[in-house]
Amino acid sequence: MIGQTELTKAKAKNVAGGLLVEQPNFLFITTDQQRADHLGCYGNQLLRTPAIDSLAARGTAFDRFYVACPICMPNRAAIITGRMPSVSGSRHNGIPLDRECVTFVDILRAAGYHTGLVGKSHLQNIVGRELQDRDIFERNCIGTPPPETLADASKRRRTGPDYEAELIPSWRETADRDGPETPYYGFDYVRFANGHADNVHGHYTSWLAARTDNPDALRGPGNALPSPDLSAPQSWRTAMPEELHPTSYIAETSEEFIDRHIQTRGGEPFFLHCSFTDPHHPFTPPGKYFDMYNPDDVELPGSFWSVDANEPAFLTRLRREFLDGRASARGGAPFCAGPEETRQMIALTYGMITMVDDAVARLLACLDDRGILEDTVVIFTSDHGDFMGDHGLMLKHGLHYEGVLRVPFIWADPDRPASARSEVPASAVDIGASILARAGLAPNNGNQGLDVMALAGGMGGVERKGILIEEDELGAHLGTAKGLRTRTFIQDNWRLTVWQGMEGGQLYDRDVDPHEMCNLWFDSNFVARKAEMTEAMLREMIRLSDTAPFATHVA
C-alpha cells in the first residue's frame, strides 16, 4: 500500500487566460450499453449501485445527457474527438477513427498529463469480418466505376497495420503481442479488453492465460454452468469466475496504472479512461452476480405491450418475425422478445451493472487510500443505451427510443457543489471540451463540444438549439439488405426523428408521453411544432458543420 505523501498530493498548475488553474487528475469511467435509468441515482428502485450513486451524491448528475450516436464506435469517436460522427468520418461500426485526428487526450498529454486507457477502446475495428457489399446507402452508381484507389472520397484509407491494433482474431493468435504503438489517440499507456461477456480479448487475453491453464474452457455457452430455468437468448451462466472476469481485470489494471503513476510520475496529473465491457449483451454475469436479481421482481417497461398504428415499418417487420417464430436473436441486430425472456435479460443486465459498481467502489477506495481522491475528478457515463424491452425490443440499431439515446453522466469534482442535478441538455461531444476546460485548456479547432459544467452553472456562451443525434447503420447491423440513415433532434423534452430509407417520422412530447407511445408525426394538431423542431434541427446541423481545417489564405 502506497502511503499519502506530499508528492502524490501535488497539484499541477497551468496558466490559462491569465488565471492560475489547478489541473486535477481525471478518472473517466465508461460502461458499454447502459441506459440512464439503469442506476439507483437515476430512479431505478431494484438495481443496487451504491458506489456510482455516491458519485452523484458528491457531484452533478445530468438528467438530459444524450449520445451523439447510439452505436459504439461512432459515439466513442465523438467522445474522444468532440466531433459528430458525420464530421469525424467514423459514422458507424466498421469505420475506424483516423489515426491523424486530434483528440482531447492529445491536448491533455501535450499539457503534461500522463494518459492511460484500460478496457474497451473500440476506436478501431475489433471483429475480423470484412464488409462485402459497400452499396449500403442510396447513391448514384451509374457508369463505369473509378479504379479502386479512387473509389472513396479520400486516397488515404483507414486500413493496414495502424488500424489493426484492436482486432480480436489477432489477439487470439498472439496473446502476448506488443502494441499498440503509443501515443494511441493520445494515450501513453494502453491495455485493451475488447469484446463482450466472457469472450473478451486484447491484453486481457494474456492476463487470463497467466492465471488459468485453459482459458477457453471458461468461455462461451458451450462451457456454461447449468441453469435450467434460463430461456432468454444470448444468455448463459458463464464458467468464468468473478476474479478472472474482464470487469475484474479492468479494475485491477486501472489500479496498477494509478500506483505506477504515483511511483514514477507523482508530480504530474493523470487522465485515466477506465472502460468496462459490460453490461453489453450477451447476458452472462459471473458468480454471485448471475442470480443476484430475480426476474420476477423486474418490471417491464411501460411501452412493452404498446403497438403504435404509425410505428416504423422496420419495427413492424421485427414484430412479425417474432410472432411468426422467425426472429433471429443472435448477434447484434435488434429483436423482439417475450415478457419472460425480457425480464431475464434485464435481471442479468442488472447483475453485470452491480459487478461494475463493485469495481467502481474498488477504484474509489484506491484513490482514497493513495490520498488523491480529493485531487481527482471522477466522471461516469456510457457509450449508449439499450432498448431493454422498450416497445418489446432488445439491443439497439435503427430506432431512437429514449432507452438507447439517454445515458447517465455524472461529474464528481471535489471543487464543485455536491448532490446537484442538471436539466441542461448535453451531448457526448461535450465531454472532451468539459474536461479540457476543467484543466484550464482550450480545445482544438473543429471540436464541437461545449463545457457542460459551465452550462450547468448558467455560464454557457454558445446558443444550442437542441441535441442532434446521428446514426448511419449498415444493413448487417439491422438484419436487412440495405442500411438506414437516421437523424434525431431533442428539444425541450420533445423528440423528432426522420430517416433516409424509411418513410414517415416520429414526434413525441415526452413530458406527457414519457414512454413514447403516441407518435404525433401525422397529427394535424402538431404540424407547427413539427415545423419548428425541423427548423431548429437544421440550424443545429449548420452549427455542427465542420470548421476545420483552418483557412490559410483570404483567397
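These legends describe close-up views of charged side chains in a predicted model.

**View 1. A patch of negative charge on the surface.** Four residues gather here: Glu 100, Asp 162, Glu 164 and Glu 181. Asp 162 sits in the loop that runs between strand E6 (114–119) and helix H6 (168–173). Its relative accessible area is 44%, so Asp 162 is partly exposed.

**View 2. The salt bridge of Arg 156 with Asp 98.** The structure holds 34 salt bridges. In this one, the N to O distance is 2.7 Å. Arg 156 belongs to the loop between E6 and H6, and Asp 98 to the loop between helix H4 (85–88) and helix H5 (104–110), so the pair ties together parts 58 residues apart in sequence. Arg 156 is exposed, at 51% relative accessibility. Asp 98 is buried, at 10%.

**View 3. The salt bridge of Arg 464 with Asp 430.** Nitrogen and oxygen lie 2.8 Å apart. Arg 464 is in the loop between helix H13 (452–456) and strand E17 (467–473), while Asp 430 is in helix H12 (residues 430–438); the pair therefore ties together parts 34 residues apart in sequence. Arg 464 is buried, with 18% relative accessibility. Asp 430 is buried too, with 0%.

View 4. Within the view, Arg 406 pairs with Glu 402, their closest N and O atoms being 3.3 Å apart. Arg 406 is buried, with a relative accessible area of 17%. Glu 402 is also buried, at 10% relative accessibility.

Methods
Residues numbered from 1 in each chain as written. Predicted model: local features only at pLDDT ≥ 70, side-chain atom pairs only at ≥ 80, totals over all residues. Heavy atoms only, no water. Patch = residues over 30% accessible without salt bridge, like charges linked within 9 Å, V, L, I, M, F, W, Y side chains within 5 Å. Areas by Shrake-Rupley, 256 points an atom, 1.4 Å probe, with all protein chains shown as cover. Salt bridge = Lys/Arg side-chain N within 4 Å of Asp/Glu carboxyl O. Lys, Arg positive; Asp, Glu negative; His and termini not counted. Charge placed at Lys NZ, Arg CZ, Asp CG, Glu CD. Helix = DSSP H or I, 4+ residues; strand = E, 2+ residues; numbered from the N terminus. Buried < 20%, exposed > 50% of the residue type's maximum accessible area, 1.4 Å probe, protein only.
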